[in-house]
Amino acid sequence: MNAQTPMETYETLYARLQQVVARLEAGELPLEETLELYEQGVRLAAECQRLLDAAELRVRQLQLAEPSPDLLA
């Protein structure tokens, strides 16, 4: 797997994960390649989850900084 660059977005990582899953689901790969792809998929999924968690935290922080008008009524 190539090292992740700082410019990789969630969408880029997710697209790569989808490609890995498609190759794994297609089957007919040698065992060693299957294992390497599986490991790559696990790393990509973890990085996607990390970015989603960071986005969720950012949204929560914004909501706390600017409470909804419904909550103020």
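1. Tyr-14 has a relative accessibility of 36% and therefore counts as partly exposed; the classes are buried (under 20% relative accessible area), exposed (over 50%) and partly exposed in between, with a 1.4 Å probe and protein chains only. Tyr-10 is likewise partly exposed, at a relative accessible area of 26%. The two form an aromatic pair that is stacked, with 5.8 Å centre to centre and 10° between the planes. Rings of Phe, Tyr and Trp (its six-membered ring) pair if their centres lie within 6.5 Å, and planes under 30 degrees apart count as stacked, over 60 as edge-to-face and the rest as tilted. The structure holds one aromatic pair. Both Tyr-10 and Tyr-14 belong to helix H1, four residues apart, which is about one turn of the helix.

2. On provenance, this is a predicted model, in which local features need pLDDT of at least 70 and side-chain atom pairs count only at pLDDT 80 or more, while totals for chains, interfaces and linings use all residues. Residues are numbered from 1 along each chain as its sequence is written, and side-chain values use heavy atoms, with hydrogens and water left out.

3. As to the overall fold, the protein has three helices and zero strands, and its pattern along the sequence is α-α-α. Helices (H or I, at least four residues) and strands (E, at least two) are DSSP runs, numbered from the N terminus. Of the 73 residues, 15% count as buried. The protein exposes about 6,100 Å², of which carbon and sulfur atoms supply 58%; accessible areas come from the Shrake-Rupley method with a 1.4 Å probe, and for residues only the protein chains shown count as cover. Among contacts between residues at least 6 apart in sequence, 58% join residues at least 24 apart, a contact being heavy atoms within 4.5 Å.

4. Helix H2 contains 35 residues and reaches 51 Å from its first C-alpha to its last, close to the 51 Å expected at 1.5 Å a residue. The expected span is 1.5 Å times one less than the number of residues. The buried residues of H2 are Leu-37, Gln-40, Gly-41, Leu-44, Glu-47 and Cys-48, and H1 is included in what covers them.

5. Which residues make up the largest nonpolar core? It has six: Leu-13, Leu-17, Val-20, Leu-37, Leu-44 and Cys-48. Such a core is a set of buried Ala, Val, Leu, Ile, Met, Phe, Trp, Tyr and Cys residues joined through side-chain atoms within 4.5 Å. The elements giving two or more residues to this core are helix H1 (10–26) and helix H2 (31–65). Leaving aside neighbours within four places in sequence, Leu-17 is in contact with Gly-41, Leu-44 and Ala-45.

6. Four salt bridges are counted, each being a side-chain nitrogen of Lys or Arg within 4 Å of a carboxyl oxygen of Asp or Glu. One of them joins Arg-23 and Glu-33, at 2.4 Å from N to O. Arg-23 lies in helix H1 and Glu-33 in helix H2, so the pair ties together parts that are 10 residues apart in sequence. Arg-23 counts as partly exposed at 41% relative accessibility, and Glu-33 is partly exposed with a relative accessible area of 29%.

7. A further salt bridge links Arg-16 with Glu-8, the closest N and O atoms being 2.3 Å apart. Are these residues buried or exposed? Both Arg-16 and Glu-8 are buried.

8. Within helix H2, Arg-60 and Glu-56 are four residues apart, about one turn of the helix. Their side chains meet in a salt bridge of 2.8 Å, N to O. Glu-56 counts as partly exposed at 39% relative accessibility.

9. Most residues other than glycine have a negative phi. Glu-28 has a positive phi of about 60° although it is not a glycine. Glu-28 lies in the loop between H1 and H2 and, at 83% relative accessibility, counts as exposed.

10. Finally, Gln-49 lies in helix H2 and is partly exposed, with a relative accessible area of 41%. Gln-49 and Tyr-14 are 35 residues apart in sequence and 9.9 Å apart in space, C-alpha to C-alpha.
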